[in-house]
Amino acid sequence: MPNRQLYDRIEKLTKQTLLQLHELEQISLELQKVIEENHNLIMENHHLKDRLDAMNSSTHISNQVVEKKERSQSVINLENIYNQGFHICNLYYGKRRENDENCMFCTEILFGEH
Ligand SMILES: [Zn+2]
């Protein structure tokens, strides 16, 4: 191979190598960005999980309060009987409510303060 051709080949290879080096730098920068983004997302995710946990535990507490306020099963059973059209009050217990009309004694048992 003549010297001239060898020189041209070296020059061509040098250009290509420089181009590849430049490309490598670009990719390296992109990778750095992706790693940074990934880190930020991990932190954000962690932060959101913490907030979700905090919300869940406060929801859990308010659920417990609601459960305490919920009426007992026996009252619910009485309500079912009442809704089927029967008295549950002491006065008329077990008797049919005429035309499903409301009875204030029954409703007092169901909805009054206990
Ligand atoms: Zn009644």
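The crossing of α2 and α3 is left-handed, a term applied when the near helix is turned anticlockwise from the far one by less than a right angle, with right-handed used if the turn is clockwise. Contact between the two helices involves V75, L78, E79 and Y82 of α2 together with C106, I109 and L110 of α3, two residues being in contact if their C-beta atoms, placed from the backbone, lie within 7 Å. The axes of α2 and α3 come within 9 Å and cross at roughly 150°; axes are lines fitted to C-alpha atoms, for helices over the stretch in contact, and angles run from 0 to 180 degrees between N-to-C directions. That angle makes α2 roughly antiparallel to α3, since angles over 145 degrees count as roughly antiparallel, those under 35 as roughly parallel, those from 65 to 115 as roughly perpendicular and the rest as oblique.

The model is a predicted one, in which local features need pLDDT of at least 70 and side-chain atom pairs count only at pLDDT 80 or more, whereas totals for chains, interfaces and linings use all residues. Residues are numbered from 1 along each chain as its sequence is written.

The protein contains three helices and zero strands, arranged along the sequence in the pattern α-α-α. Helices (H or I, at least four residues) and strands (E, at least two) are DSSP runs, numbered from the N terminus. Two domains are assigned, domain 1 (1–59) and domain 2 (69–113), with bounds from an automatic or database domain assignment. The centres of domain 1 and domain 2, taken over C-alpha atoms, are separated by 72 Å.

The C-alpha trace spans about 120 × 30 × 15 Å along its principal axes. Of the 114 residues, 3% count as buried. A residue is buried if 20 or more other C-beta atoms lie within 10 Å of its own, exposed if 12 or fewer, and partly exposed in between, with C-beta atoms placed from the backbone. Among contacts with a separation of 6 or more, 19% are accounted for by residues 24 or more positions apart.

Helix α2 (73–83) lies largely in the open, because one of its 11 residues is buried. Just after α2, G85 takes a positive phi of about 105°. In helix α3 (104–111), T107 is partly exposed, as 14 other C-beta atoms lie within 10 Å. T107 and Y82 are 25 residues apart in sequence and 8.9 Å apart in space, C-alpha to C-alpha. E108, also in α3, counts as exposed because it has 11 C-beta neighbours inside 10 Å. E108 and K49 are 59 residues apart in sequence and 46 Å apart in space, C-alpha to C-alpha.

Most residues other than glycine have a negative phi. N99, which is not a glycine, has a positive phi of about 55°, and phi of D100, likewise a residue other than glycine, is positive and near 55°. With 6 C-beta neighbours inside 10 Å, N99 counts as exposed; D100 is exposed with 10 other C-beta atoms within 10 Å.
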